[in-house]
Amino acid sequence: MKDLTSGTEAGLIFKFALPLVIGNLLQQFYNIIDSIIVGNYLGTEALAAVGASFPIFYTLIAFIIGIGSGATIVISQYFGGRDYARVKQAIGTIYLFMFGAGIALTAIGIFFSREIFTLLNIGEDVMPHALAYFNVYMIGMVSFFGFNGTSSILRGLGDSRTPLLFLAIATVANIGLDLLFIIVFKWGVAGAAWATVMAQTGAFVTAIFYLNRRDHLIHFSVKTITFDPYTFWQSVKIGLPTGFQQTFVALGMLALIRIINNFDTVTLAAYTAASRIDALAAMPAMNLASALSAFVGQNLGANKIDRIRKGVWATLKMAWAISLAVMLIVILWGNNMMALFSGDPEVIRQGHEYLIIVSSFYIVFSSMFVMHGMLRGAGDTLVPMFITLISLWIIRIPIAWYLSGQIGETGIWWSIPSGWFIGLIGTWLYYKSGHWKKKGIVKY
C-alpha cells in the first residue's frame, strides 16, 4: 500500500502508473495474440465474431464496473483519511456485490445471446462463431469480477504492483491455453474463450491465496466478509453516474458495430484487428488517468487541493509526450501491424486507414481521459456522465451513421475523434469551474 498524500506529485503518479501500464500492456498483448491466433488459424469470420462479442460483453458489465469504481474511490478517500475500519467494510461490501452481479449477468448473457447478436445484424457466416465464443466467455463472469475487483481495491489502497503480478500470471496462462485449445485441441473459437475463463479463474484464486497469507487490509473469507449498507450507498452515489457513463460508452460501441455491420464481414474484421492495436496504443494514457484517480482520491481525503492541481498538470504533460510517440509508431508501422492479424489485403487496408485517422488525435484522447480520471478520483462523476452522453450519442454515433452513408467505412473512423473533442472541451471547462472540490466524502 502506498500513501500518495506526500512526495513529488509527478514522481508518485508515474511510479504508480508504471505497473498499471505494464500490466495493461500485457493484457492488451494477450488480446492481440488472441486475435492473431484466431485470425490466422480460424479465419476472417472467427475474427469478426470475437470483435462483435466484446461490445456485448462490455455492455453487460459496464454498469457493474461503474459501481465498483465508486467503491474504489470510497476506499481511496477513506484510506487517505486514515479510516481503516471503513476501508475494510468497503472491501467486504464490494466483494459481495461483485459476486452477486457476476452470477446474475452470466445467466442473462447466455440466455439472451442469440437475440442480442440478431439485433446487431450479425451475418449468418459469423453467428455460429459469435455464439460459441460469447456463451463460453460468460461462464467466467464471477471470476472476472473477482479478479478485477481485487485489482481495483488494491489500486485504491495505493498498491499497483501486486495486481501486475497476478495480471502477468493471467496473461501468460491465457496465451499458453490459447495455443493449446485452438491449435492442438482444435476447439475453434470457443477455445479462445475457455482460455480466458480458465486463466482469469486461476489468477483470482492465486490472488486470494496470496493476500490471505499476508498481513493485509484485504483478507478474503466467506465466514467474515460482511455487507455494509452505508458504505454501499456511498459507493452507489459516486459510482452510479460512472456506471451510466460506462453503459453509454458500451451501448455506443454496440451502435458502432451495428453501423459497421451494414458493410461486409471484412470491415468488421478490419475494425476488430485495428481496435486491438488502438486499445494497446491508448493504454498508457488510460493508466495515467487511473493513477491520477487514486492520487486525487487520497489527496482530497486528506484535504490537499493544491497537490491535486499539480498532479493534474504533471499527468497531462506525461500523457502528451507518450501520445506523440505512440502516434508516430502507429502511423509509420500500422500497415505491418495489421498484416499480423490477416492476410486479406482489404482487411489490412481498411484497418490501416482506421489507425491513421484515429491515432492522429491521441493527444485529444489522452487529455480527455486524464480529466475524466481526475473527476472520478474526486468522486464527481455526474457531470462527466452527461458529457460522455453528449459526446457519444449526440456527436459520434450520428456522425458515424451519416458519414458512413456518404464516404463508406472511413466516415465511421472519423466519428471517433469528433466525440473526443467534445468530451475534452466539456471536462476541461468543468474542471476549471472548481465544483469538484466539494465532492469529497471525508469532511473537514
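Guide: Axes here are lines fitted to C-alpha atoms, for helices over the stretch in contact, and angles run from 0 to 180 degrees between N-to-C directions. In this predicted model, helix H5 (residues 127-139) packs against helix H8 (residues 189-212) at an angle of about 15°, and their axes lie 8 Å apart. H5 is therefore roughly parallel to H8, given that angles under 35 degrees count as such. The crossing of H5 and H8 is right-handed. On the H5 side, the contact is formed by His129, Ala132, Tyr133, Val136, Tyr137 and Ile139, which meet Val189, Ala190, Ala192, Ala193, Trp194, Thr196 and Val197 in H8. By class, the residues of this contact comprise 11 nonpolar, 2 polar and no charged.

Turning to charged side chains, the whole structure contains 6 salt bridges. One of them joins Arg307 and Glu9 (3.4 Å, N to O). This pair links distant parts of the chain, with Arg307 in helix H11 (residues 305-341) and Glu9 in helix H1 (residues 9-41), 298 residues apart. Both Arg307 and Glu9 are buried.

Also in H11, Lys310 and Asp306 stand 4 residues apart, so about one helical turn separates them. Their side chains meet in a salt bridge (3.4 Å, N to O). Lys310 is partly exposed, at 46% relative accessible area, and Asp306 is partly exposed, at 44%.

In helix H12 (residues 345-359), Arg349 and Glu346 are 3 residues apart, about one turn of the helix. Salt bridges that share partners join Glu346, Arg349, Glu353 and Glu409 into one network.

Note on methods. Residues numbered from 1 in each chain as written. Predicted model: local features only at pLDDT ≥ 70, side-chain atom pairs only at ≥ 80, totals over all residues. Heavy atoms only, no water. Helix = DSSP H or I, 4+ residues; strand = E, 2+ residues; numbered from the N terminus. Parallel < 35°, antiparallel > 145°, perpendicular 65-115°, else oblique. Left-handed = near helix turned anticlockwise from the far one by under 90°. Contact = heavy atoms within 4.5 Å. Nonpolar A, V, L, I, M, F, W, Y, C, P; charged D, E, K, R; others polar. Salt bridge = Lys/Arg side-chain N within 4 Å of Asp/Glu carboxyl O. Buried < 20%, exposed > 50% of the residue type's maximum accessible area, 1.4 Å probe, protein only.
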